[in-house]
Every structure is written in structure tokens, then in C-alpha cells.
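Here is a short report on one protein chain.

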Amino acid sequence: GVDTTQGCVPLLVNFSDLSTNSSNRMWIVNGDTLSAANFNYTFTVPDTAYTVYLFADTAGFCTSVDSVVITTASLPNAAFAVDQDQFCDAPATVQFTNQSSATLPITYEWSFGDGNSSVVTDPAHVYNSVAHFPVMLVATNTFGCRDTATDTIYVYPQVQADFIADTLQGCVPFAVNFTDQSVDASGWNW
């Protein structure tokens with residue numbers, strides 16, 4: 001018996017001889033010959049179907065052959081792009097372009113970092129608050145193998161420039177003291 005018949009590389013498979021009334025056995029795995037009753041084998045070449053054989057007999061007589069196919073796949077490669085990743089004020093709409101690839105069909109799970117998610121291939125999402133949002137895309141192939149891609153969307157508060165002057169008129173030379181009253185400013189050019 002085997003514990004799995006498919007998966008992504010490197011794929012570790014546990015083999016067990018479940019033969020009855022046999023005194024000898026020979027396994028053929030990927031060109032290797034083994035005589036152990038139970039063993040582990042790691043398959044490393046992706047997108048390959050391996051046929052594994054077990055020959056069992058009773059002291060050279062009454063031979064029986066069993067086989068199993070082990071199928072390997074590549075890991076999916078999760079990737080995405082955004083049309084814009086920095087915004088001044090909410091709401092901010094981001095278009096996500098999925099750039100994932102795989103040799104098997106893939107499903108997608110998006111987490112937008114604001115409690116919302118999607119399974120759409122190329123979603124658009126609206127951020128309704130000011131914050132930094134960690135975005136995650138999980139790509140899963142039909143064998144259950146997963147890969148993750150991440151990025152961050154930044155929605156900054158809208159700056160409100162404002163200042164006051166201590167005096168608005170006078171004679172030359174005229175000295176005025178300005179006081180910044182801007183909201184959410186992080187830099188100033190006077």
C-alpha cells in the first residue's frame with residue numbers, strides 16, 4: 001500500500017508490502033530496485049507519472065505483481081500586480097491582476113487585509129478607511145499544493161493644509177508669524 005498517489009514535488013511516499021503468503025519481494029521504483037517490506041521514497045521530478053511495481057513470490061514460485069501510479073506536479077507560483085498601491089484618502093479602488101501560474105488548474109483565495117476576501121481571479125476591491133492593508137493571494141492547485149504572494153496597499157489620510165498669520169497688515173518692514181494648523185501633514189513647504 002501507499003499513503004498517497006499524487007502531490008507536488010518533493011513528494012514523499014510511504015510504501016508498505018501488504019502481500020500475503022509471500023517470502024520474497026522486489027520493488028521497482030523509478031529505476032531503483034528495493035527489497036524492504038516498508039520504505040519511504042521521495043519523488044523530485046515534477047509533472048511526471050511514475051509506475052511503481054511490487055513483485056512478490058513464495059520461494060521463487062507463484063509470483064504476483066502489483067503496481068501503482070504516483071503522479072507528481074509542480075508547485076503553483078502565486079503572483080499578482082496592482083494598478084496602484086498608494087492612495088490619498090478613502091474610498092480607494094484597487095484593481096488586482098492575477099499573474100499566477102501552474103501546470104495544473106488553480107483556485108484563488110484573496111485576503112484584502114480589511115476583513116474582506118474573494119475567490120475571483122482578477123478582483124477589484126474598494127478600501128473604505130485609512131490604513132495599511134496587507135494583501136495576500138493563495139493559489140492552490142488540484143493536488144492541494146499552495147503558494148502565497150503578498151503586497152501592501154497604503155491608504156493615507158487626506159492632508160488639509162491650513163495656517164494662520166498673527167497679523168495681516170502693517171507697514172514695511174512687515175513681520176508676520178505663521179502658525180501651521182494643517183491636519184495629517186507629514187511635511188511642509190512654505
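## Terms and model

Contact here means heavy atoms within 4.5 Å. The model is predicted.

## Overall shape

The protein has 17 strands and zero helices. Its radius of gyration is 32 Å, well over the 16 Å that the globule rule gives for 190 residues, so the protein is more spread out than a compact globule. The C-alpha trace spans about 120 × 25 × 25 Å along its principal axes.

Buried residues account for 25% of the 190 residues. Take the contacts between residues at least 6 apart in sequence: 53% of them join residues at least 24 apart.

Strands of a sheet pair through backbone hydrogen bonds.

β8 and β10 (residues 92-98) run antiparallel, and three bridges join them. F80 has N98 in β10 as its bridge partner.

## Two nonpolar cores

In soluble globular proteins, nonpolar side chains tend to be buried together. The largest nonpolar core in this model has 17 residues. F80, F96, W110, Y127, V135, I153 and V155 touch the most other members. At least two residues of this core come from each of β10, β11 (106-111), β14 and β15 (146-156). β14 gives the most, with four residues.

V135 shows how this region is packed. Beyond its neighbours within four places in sequence, V135 is in contact with F80, F96, W110, Y127 and I153, among others. Its contacts also include S111, F112, A149, T150 and D151. Another core lies apart from the largest one. This other core has twelve residues, including F15, V29, Y50 and V52.

Is N141 buried or exposed? At 4% relative accessibility, N141 counts as buried, because the cut-off is under 20%. N141 is found in strand β14 (residues 131-141).

Which residues does N141 touch, not counting those up to four places away in sequence? They are C8, A73, S74, P76, L104, P105 and I106. The side chain of N141 also has polar atoms close to backbone atoms. One lies 3.3 Å from the backbone oxygen of S74. The backbone nitrogen of F143 lies 2.9 Å from a polar atom of this N141 side chain.

## S100: a buried loop residue

S100 lies in the loop between β10 and β11. At 16% relative accessibility, S100 counts as buried. Not counting residues up to four places away in sequence, S100 touches N77, A78, A79, I106, Y108, L137 and A139.

The side chain of S100 makes a polar contact with the side chain of N98, at 2.8 Å. N98 is also the bridge partner of F80. A polar atom of the S100 side chain lies 3.2 Å from the backbone nitrogen of A79. How far apart are S100 and N30 in space, C-alpha to C-alpha? The distance is 31 Å, and S100 and N30 are 70 residues apart in sequence.

Conventions
Residues are numbered from 1 along each chain as its sequence is written. This is a predicted model: local features need pLDDT of at least 70, side-chain atom pairs count only at pLDDT 80 or more; totals for chains, interfaces and linings use all residues. Side-chain values use heavy atoms; hydrogens and water are left out. Two strands pair if DSSP finds at least two bridges between them. Buried means under 20% relative accessible area, exposed over 50%, partly exposed in between (1.4 Å probe, protein chains only). A polar contact is a pair of N or O atoms within 3.5 Å; within protein, one must be able to donate a hydrogen and the other to accept it, and residues adjacent in sequence count only if both atoms are side-chain atoms. A nonpolar core is a set of buried Ala, Val, Leu, Ile, Met, Phe, Trp, Tyr and Cys residues joined through side-chain atoms within 4.5 Å. The radius of gyration is taken over C-alpha atoms; the globule rule is 2.2 Å times the number of residues to the power 0.38.
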